[in-house]
Amino acid sequence: MATPPVQPVPTPAVPNGDAFRLGFIGAGNLAESIARGVAASGVLPASAIRTASHRRPERGAAFASIGAQLFDSNAQVVDNSDVVVISVKPQIVKQVLVELKPLLTEEKLLVSIAAGIKMKDLQDWSGQQRIIRVMPNTPSAVGQAASVMCLGEKATQNDESRVRSLFGAIGKVWTAEEKYFDAVTGLSGSGPAYIFLAIEAMADGGVAAGLPRDLALGLASQTVLGAATMVNETGKHPGQLKDQVTSPAGTTITGIQELERGAFRGTLINAVVAAAKRCRELS
């Protein structure tokens with residue numbers, strides 16, 4: 001049985017001399033988050049980023065405010081880019097790729113962040129095999145994305161390094177086989193919503209226990225952030241960290257007992273599995 005690769009996190013900057021031109025086909029919020037992160041982190045100069053003028057002027061203005069170049073058409077963006085990021089809505093990916101197919105030569109790396117569009121479809125529609133598919137999640141908006149990428153047949157180690165540097169500018173990056181992407185969707189793709197729900201519920205509990213609403217929400221969100229940071233920075237298993245703050249007959253174990261009565265862990269497990277199953281059904 002194949003073991004899923006665990007290759008996260010320190011993401012080196014692009015080596016000196018490996019400057020490249022980065023084009024976005026689609027100028028939505030996620031594309032903007034990536035572009036801002038790339039420019040702010042120094043992975044690429046803003047002048048190396050480009051996209052096409054958008055039907056909504058504010059989207060073009062957002063890219064222009066970074067210092068990116070705006071072209072009149074997607075074809076011009078592709079022609080003037082070395083790495084082309086497909087960041088349009090999934091339902092129009094086929095149309096866009098078919099239109100751009102004559103321009104997508106093997107000299108260009110195609111990167112797709114379109115949710116649910118599989119590598120085989122990307123290859124068929126684009127005529128390309130030098131492709132990397134990436135699944136980031138919504139915390140990319142604050143530079144804390146959990147992104148997973150898989151490589152197409154002709155993607156090189158240098159291609160992987162470039163894409164790792166791009167998405168490392170907005171969070172952490174892992175490489176895995178595409179067969180894991182439905183499960184990735186169920187966990188990190190849908191996971192932020194589970195945590196938002198948990199924060200809201202913890203805050204409501206604080207209000208029920210007598211706290212003012214703003215204080216309860218601030219404490220709940222900071223507690224989740226602090227706990228996640230402890231897991232990431234200490235390298236300790238979450239169960240070990242939980243045990244360290246759980247005294248015999250104390251307040252924390254009493255609260256955990258209530259969570260166990262409500263099948264808290266089982267419910268979260270089931271949520272991830274159900275979301276992954278739904279992803280498979282939709283793809």
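User: Contact here means heavy atoms within 4.5 Å. With that in hand, what covers the buried residues of H7?

Analyst: The cover includes strand S6 (131-135), strand S7 (145-151), helix H8 (191-208) and H12. Helices (H or I, at least four residues) and strands (E, at least two) are DSSP runs, numbered from the N terminus. Bear in mind that this is a predicted model, where local features need pLDDT of at least 70 and side-chain atom pairs count only at pLDDT 80 or more, while totals for chains, interfaces and linings use all residues. Residues are numbered from 1 along each chain as its sequence is written, and side-chain values use heavy atoms, with hydrogens and water left out.

User: Which residues of H7 are buried?

Analyst: In H7 (residues 181-189), they are Phe181, Asp182, Val184, Thr185, Gly186 and Ser188. Buried means under 20% relative accessible area, exposed is over 50%, and partly exposed is in between (1.4 Å probe, protein chains only).

User: And Cys150, buried or exposed?

Analyst: Cys150 sits in strand S7 and is buried, because its relative accessible area comes out at 4%. Skipping residues up to four places away in sequence, Cys150 touches Met119, Ile131, Ile132, Arg133, Ala176, Glu177, Glu178 and Phe181. That last one, Phe181, is also among the buried residues of H7.

User: OK, zooming out. What does the domain assignment give?

Analyst: Domain 1 covers 22-181 and domain 2 covers 190-282, with bounds from an automatic or database domain assignment. The C-alpha centres of domain 1 and domain 2 are 33 Å apart.

User: How many helices and strands are there in the protein?

Analyst: There are 12 helices and eight strands. The C-alpha atoms fill a box of roughly 70 × 45 × 35 Å along the principal axes, and 39% of the 283 residues count as buried. Among contacts between residues at least 6 apart in sequence, 64% join residues at least 24 apart.

User: Let's go to S1. Which way do its residues point?

Analyst: S1 runs over residues 22-25, with Leu22 and Phe24 pointing one way and Gly23 and Ile25 the other. All of them are buried.

User: In what sense do S1 and S2 pair?

Analyst: Parallel, over three bridges, with S2 at residues 49-52; two strands pair if DSSP finds at least two bridges between them. S1 also pairs in the parallel sense with S4 (residues 83-86), over four bridges. Leu22 stands opposite Ile49 in S2, and its bridge partner in S4 is Val83.

User: What do S1, H1 and S2 make?

Analyst: A right-handed β-α-β unit, with H1 at residues 29-41. Right-handed here means that, with the strands pointing away from the viewer, the path from the first strand over the helix to the second runs clockwise.

User: Which residues does UniProt list for "binding site"?

Analyst: The unreviewed UniProt entry lists Ile25, Gly26, Ala27, Gly28, Asn29, Leu30 and Ser53. From this set, Ile25, Gly26, Ala27, Gly28, Asn29, Leu30 and Ser53 are in the lining of the second largest pocket. A pocket is an open set of points on a 1 Å grid over the protein atoms alone, where a 1.4 Å probe fits, with protein on both sides within 12 Å along at least five of seven lines; lining residues have an atom within 4 Å of a point. UniProt positions follow the numbering used here, feature names are shortened, and annotations may be inferred rather than shown by experiment.

User: Why does Gly26 count as buried?

Analyst: Because its relative accessible area is 17%. Gly26 is in the loop between S1 and H1 and, leaving aside neighbours within four places in sequence, contacts Ala31, Thr51, Ser87 and Val88. Asn29, in helix H1, is exposed at 57%.

User: Last topic: what's phi of Ala249?

Analyst: Near 60 degrees, a positive value in a residue other than glycine. Most residues other than glycine have a negative phi. Ala249 is in the loop between H10 (238-244) and H11 (251-261), and is exposed at 79% relative accessible area. Ala263 has a positive phi too, near 55 degrees; it lies in the loop between H11 and H12 (264-282) and is partly exposed, at 38%.
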